[in-house]
Amino acid sequence: MKTPITVAYGDGIGPEIMNAALHVLTAAGAQIAPEVIEIGEAVYLRGHSAGIEPGAWDSLRRTKVFFKAPITTPQGGGFKSLNVTVRKTLGLYANIRPCRAYMPFVHTHHPDLDIVIIRENEEDLYAGIEHRQSDEVYQCLKLISRPGCERIVRAAFEYARANGRKKVSCFSKDNIMKMTDGLFHKVFDEIGQEYPDIEQDHWIVDIGMARVATQPARFDVIVTPNLYGDILSDIVAEMTGSVGIAGSANLGEHVAMFEAIHGTAPDIAGQDKANPSGLIMAGVMMLVHIGQPEVATRIHNAWLRTIEDGIHTADLYREGVSTQRVGTCDFAEAVIARLGQEPQTLAPVSYSTDVKPFTTAPYVPRPSAPRELVGVDVFIDFEPRQAALLGEQLQKAVVGSALTLSMITNRGVVVWPHGFPETFCTDHWRCRFMGDTGRPLTGQDLIALLNQVVNAGFEVIKTENLYNFDGKPAYSLGQGQ
Ligand code: NAD
């Protein structure tokens, strides 16, 4: 019985490396029945702003397994990233990127590097919600949810346990983003208690990444929000010797997608120079996922042996270490010629049906916390760069309201009632109004306030409600407040 999989050849080096990878998989005896779909540049340019046609979704939802080559997202407005769309539409919340060194066969400054990055795949700044709010200021919303954090953190601990990993490190920037990244860190600490057998620590992402770059042996599995994971995994893959050798799995409850972590490499496209290893390694992960671990083991060991034998594509080739510089097709043939062999210096791998690389646990919702409306941040476009003038005019405008003006910030820094003349101000002001009647606020109170502000001639850009959850403020203070 062959397992149906959906295959996309992609753009740039995509078709070359996909041909090579499928050739290796088939030669190794993979029982797969590829259904080819077209995605990427040609589809974008035919007018589909998402880079995928409706029929392609049918195949993905039917096979639930996607083997994907990289694709180009055309530059410019109007085109949404297909990678992000596919990951989010199909609920592929966990992006698993194993990166390891293959010294002395692939040159790296870090021979002891062996790290798996587990990147949250659906949230964070990749929600893709952006606005121009005033002449000068643009925003991108960072959304972090409790289900998102719980699912990815649990995935990381489960991955560690199932794969004999000893430690999980969480990277976040919760010293600055105390609520969004703070939630990620908090959930990591909470769920970590269920895995006492696994060592765990938390790093502020900037120093964490710096330590990864200098002392990678301190790290084992790293779980981190979307943007940090995107950046970190390219850095770590490149540290192993080439961005071209790491594969990745994008996993969710229903569907899984497997791809190399690199892009379409337009500089070498069509020249038979690309290293197909990243996609071959993604294929290995796919075979384990669809229950063909023996074939995955054969391919992975043959690949390790090929690397050991010094048969390298241009990105890995080094005089004195490599024995043969090969193109994409010949590299695939070299792997095929070594099927059934094991590496002699590097440790051979052995996948088993008993060990799932990843198990998903459905999110169990918690009872909602009681909340109370206590105020509102009103964002105003105000050309005169004078906080005192804005404060004075706003106070006059809202006389008689259930809320009073408590502070004004500009790009987050308090500029009223007490500011510094040195603070640079744009045309974008956050004006915080708090209830002062002693009774809970209602939506009608906010509408009445906005009416007064708008009637006084102010340009309201947007509002953010201020709530207490469980009796505690659930909004950030102004910087300097
Ligand atoms: P890239 O990964 O395509 O290339 C970066 C560098 O690495 C280039 O010098 C390239 O030649 C080299 N490289 C990459 N893969 C290689 C391989 N397999 N063998 C040998 N060398 C390799 O990154 P980029 O240049 O930033 O992006 C190019 C395009 O790829 C962009 O359109 C981007 O949107 C797209 N992209 C797609 C995906 C995806 O589909 N998953 C991921 C990243 C980038």
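In the protein chain, 76% of the contacts with a separation of 6 or more link residues 24 or more positions apart; a contact means heavy atoms within 4.5 Å. The model is predicted, so local features need pLDDT of at least 70 and side-chain atom pairs count only at pLDDT 80 or more, while totals for chains, interfaces and linings use all residues. Residues are numbered from 1 along each chain as its sequence is written, and side-chain values use heavy atoms, with hydrogens and water left out.

The protein chain contains 13 helices and 20 strands. These are DSSP runs numbered from the N terminus, with helices (H or I) of at least four residues and strands (E) of at least two. Along the principal axes, the C-alpha atoms occupy a box of roughly 85 × 55 × 45 Å.

## Burial and surface

Of the 481 residues in the protein chain, 52% count as buried. Buried means under 20% relative accessible area, exposed means over 50%, and partly exposed lies in between (1.4 Å probe, protein chains only). The chain exposes about 21300 Å², and carbon and sulfur atoms supply 53% of that area. Accessible areas come from the Shrake-Rupley method with a 1.4 Å probe, and for residues only the protein chains shown count as cover.

Helix α11 (residues 328-337) illustrates the burial: Thr328, Phe331, Ala332, Ala334, Val335 and Ile336 are buried. Their cover includes the helices α1 (14-27), α9 (277-289) and α10 (293-308), together with the strand β13 (311-312). Within the residue range of α11, cysteine 329 is partly exposed, at 48% relative accessibility.

## The largest pocket

The largest pocket holds about 2400 Å³ of space. Of the 50 residues that line this pocket, Met179, Thr180, Ala474, Tyr475 and Ser476 are the closest to its centre. Two or more lining residues come from each of β7 (138-140), α6 (180-192), β15 (371-381), β16 (403-410), β18 (428-435), β19 (459-469) and β20 (472-473). Strand β19 gives the largest share, with 6 residues. By class, the lining has 23 nonpolar, 13 polar and 14 charged residues. Ala, Val, Leu, Ile, Met, Phe, Trp, Tyr, Cys and Pro count as nonpolar, Asp, Glu, Lys and Arg as charged, and the others, Gly among them, as polar.

Pockets and cavities are found on a 1 Å grid over the protein atoms alone: a cavity is a set of points where a 1.4 Å probe fits but cannot get out, and a pocket is an open set with protein on both sides within 12 Å along at least five of seven lines; lining residues have an atom within 4 Å of a point. Grid points are joined across faces, edges and corners, and a volume is the space filled by probe spheres set on the points.

## The cavity and the cysteines

The structure holds 1 cavity of 30 Å³ or more, and the largest cavity contains about 30 Å³ of space. Its lining consists of Glu120, Glu123, Asp124, Ile144, Gly148, Cys149, Phe184, Pro225 and Asn226. These residues divide into 4 nonpolar, 2 polar and 3 charged.

Cysteine 149, one of the lining residues, is buried at 1% relative accessibility. The closest cysteine sulfur to that of cysteine 149 belongs to cysteine 170 and is 8.7 Å away, too far for a bond. Across the whole structure there are 0 disulfides, a disulfide being a pair of cysteine sulfur atoms within 2.5 Å.

## Backbone exceptions

Most residues other than glycine have a negative phi, and most peptide bonds are trans. A cis peptide bond with omega of about 0° joins methionine 103 and proline 104; proline 104 sits in the loop between β4 (94-100) and β5 (114-120). Another cis peptide bond, with omega of about 10°, joins tryptophan 416 and proline 417. Proline 417 is in the loop between β17 (413-416) and β18.

Aspartate 272, in the loop between β12 (256-260) and α9, has a positive phi of about 55° and is partly exposed, with a relative accessible area of 30%. Aspartate 470, in the loop between β19 and β20, also has a positive phi, near 55°, and is partly exposed at 49% relative accessibility.

## The loop at glutamate 38

Glutamate 38 lies in the loop between β2 (32-37) and α2 (41-45) and is partly exposed, at 40% relative accessibility. Its C-alpha atom is separated by 5.9 Å from that of alanine 8, 30 residues apart along the chain. Leaving aside neighbours within four places in sequence, glutamate 38 is in contact with Val43 and Arg46.
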